[in-house]
Amino acid sequence: MDFSSFLTSLGTSFAIFVVLMFLFAWLSRRPGNAVVYYPNRILKGLDPVDGGSAPRNPFAWIREALTSSEQDVINMSGVDTAVYFVFLSTVLGILAFSGLVLLPVLLPVAVTDHGANSNSNSQTTSNGTFSDLDKLSMGNIAEKSPRAWAFLIATYWVSFVTYYLLWKAYKHVAALRANALMSPEVRPEQFAVLVRDVPKVTEGQSRKEQVDSYFNAIYPDTFYRSLIVTDNKKVNKIWQELKGYKNKLERAEVIYAESKKKGNAEGIRPTNRTGLLGLIGKKVDSIEYYKEKINEIIPKLESEQKVTVREKQQCAAIVFFSSRVTAACAGQSLYAQMVDHWTVIDAPEPRQLIWTNLTINFFQRQIRQYVVYAIVFLVIVFYIIPITFISGITTLANLEKLLPFLKPIVEIDVLRTVLEAYLPQLALIIFMALLPKFLLFLSKTEGIPSGSHAIRAASGKYFYFVVVNVFIGVTIGATVFSTIKTIEKDPNSVVTLLAQSLPNNATFFITYVALQFFVGYGLELSRIVPLIIFHLKKKYLCKTEADIKEAWLPGDIGYGTRVPGDMLVVTIVLCYSVIAPIIIPFGVLYFGLGWLILRNQALKVYVPSYESYGRMWPHIHTRLLAALLLYQVTMFGYIGAKKFVYAPIIVPLVILSLTFAFICRKKFYPAFCHPPLEVACHELKEIPNMEQIFRSYIPPSLCSEKLEDNQHEDALSRASRSVSVV
């Protein structure tokens, strides 16, 4: 990419962002769009623009985001969202403090070295063309030049800034988590544990009696009840069928009511056909037909509920205690001599449970985990082939070779400039959008019991995938097509070629980051796509208020894909921060703009789908250190490729990073695995309603108006009714 294409890319991206920002300012003030731009506030019963000045000032959201406190974020979107902003601000601090030294020091050092201009082996930042950008990078430094000392010392500076800010962030997140867990509010998950791998019952004993007697013997004063996990496959199917008919009945009644308002006092009763997809079969009155189906299914559901609760009990249970201190102890204790018996962990939130995974036994979980890891490894390794292929063929030079008929088109100067600026990046972004759901499916297949844990697992897989296939894959891809013959002649030259290819892609990654924060965050703020989808659904598909609400519900912030995407940018900017320091301002813009826009979205748009009290942070911390290690290894390899004999001085940094990771894990991580007892022992503001806590864990398909204690007797235990206040 030449310098004009680079500037075209930046200018066009910025223009798109400005347009999208003005669209947001205009669209968000229209009354019919409030549910798209302020759903979080609406669901909490707040005025969409309360406390703000949206009707008067279209840019008031900037002031509101900047002046909002961390507690405001917690109140509106929970601790997990606040922890995500700690991540954004920490990375922003790392890049800003690094840039304060690297930009004024390294840029003059690189620009004033003229020895590389005459070096035929000089490494450039623009795919082989020595542009103005190359003079601002380490590629402008001659081999064996003593100026490499500046870049080596800069590597240490970035590393120590990262250590300091990550340590502060870990302490801050640990405090946030502790404050949330010691809250006087009653939370069901703090009074329960999840029990898996329950042994086979002895003859003459039910599963309920087995679990009750076991835990009542260990915790006689605070054991409350146990809810045995059941095989709900059949009852779930009947319940979903009933729910579908109720929704159809509600829609039919709305259609009938609307027909009365159109001049016909009696109205027109809606009809449908009873066959496939309502297209064939007997024509019937929809309202009467759906009522009949509902009346048929309800007794069937109630009967299946009784059968499920009494005859389909599995080897897992939710056990409840009247004290959250006891629950905290129970979740981190060893119960059996054999590892595959009585596995007990802290219970997730009721809404997080993946019920089908709870009954998978210990050895199956281990086997599934290794199989999934093997699949992910193969995906990472072999996915690099299409990524590399796309990176190679989407350069105009290669496209002209592969598709000669495009040559007259791409020779148009304006079109060529735009294509060079955007084509590889857009192809990469679209290709990468296909993967996250597959990785989430694999994570759930491992047997993970909660939704938030599955998202964390998928996020980790996605991070390593994007680093290997995007960062490393693109770096290799731009070189492979031009150096394949060299590799064939001398396979040992691969390492040298990889080291030399690093600076060749700096402008690609700068453009990639700019495209992400200008266009990506512009679309995030404007919410054009959700707005269009909502209005199309409302006009053509929605009949009831429930339909309309479902159409505008925004979901959560999407940590499973958002965090790995941010991590990729961190990795890119860190690895190029010393090689091409000009990338640092783009990284600062990405995380600064992201903090500002996502702050607005967290306060007004996104609705959290779970609360794990910052459990994502240790994973974020580990990935940040992985990015730092990759950066240090990259700098060691690149400075070594410059034939600078003091390059091994970077090796202690790698050891220091591993030591830092070890210390952080030992000091902070245990409190993220289990709630500390000093946190759990804080008093509650009210005596917990244990019956309500218990019923919050009953699956929806097993709940009904008639589902009282008698029906659940075989899945419950009443061994203790004593209640504690902690």
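Helix α6 (residues 79–111) packs against helix α23 (residues 583–604) at an angle of about 155°, and the two axes lie 9 Å apart. This is a predicted model, so every value here is computed from predicted coordinates. Angles over 145 degrees count as roughly antiparallel, and α6 and α23 are therefore roughly antiparallel to each other. Their crossing is left-handed. Sorted by class, the residues of the contact of α6 with α23 come to 17 nonpolar, six polar and one charged.

The contact of α9 with α10 has 15 nonpolar, three polar and nine charged residues.

| Helix pair | Angle between axes | Distance between axes |
|---|---|---|
| α6 and α23 | about 155° | 9 Å |

Now to the aromatic rings. A pair of aromatic rings is described by the distance of the centres and the angle of the planes. The count for this model comes to 37 aromatic pairs. One of them joins Phe87 and Phe591: the ring centres are 6.4 Å apart and the planes stand at 85°, so the pair is edge-to-face. Phe87 belongs to helix α6 and Phe591 to helix α23, and the pair links distant parts of the chain, 504 residues apart. Are these two residues buried or exposed? Phe87 has 0% relative accessibility and so counts as buried; Phe591, with a relative accessible area of 0%, is buried too.

Tyr245 and Tyr290 form a tilted aromatic pair, with 6.1 Å from centre to centre and 45° between the planes. Tyr245 sits in helix α9 and Tyr290 in helix α10, 45 residues apart, and this pair also links distant parts of the chain. Both Tyr245 and Tyr290 are buried.

Phe87 and Phe591 also take part in a cluster linked by ring pairs, together with Tyr84, Phe85, Tyr521, Tyr559, Tyr590, Trp595 and Tyr610. Elsewhere, the charged end of Arg225 sits over the ring of Phe694, 4.8 Å from the centre.

Key: Residues numbered from 1 in each chain as written. Predicted model: local features only at pLDDT ≥ 70, side-chain atom pairs only at ≥ 80, totals over all residues. Heavy atoms only, no water. Nonpolar A, V, L, I, M, F, W, Y, C, P; charged D, E, K, R; others polar. Axes fitted to C-alpha atoms, helices over the stretch in contact; angles between N-to-C directions. Helix = DSSP H or I, 4+ residues; strand = E, 2+ residues; numbered from the N terminus. Parallel < 35°, antiparallel > 145°, perpendicular 65-115°, else oblique. Left-handed = near helix turned anticlockwise from the far one by under 90°. Phe/Tyr/Trp six-rings, centres within 6.5 Å; stacked < 30°, edge-to-face > 60°. Buried < 20%, exposed > 50% of the residue type's maximum accessible area, 1.4 Å probe, protein only. Lys NZ or Arg CZ within 6 Å of the ring centre and 35° of its normal.
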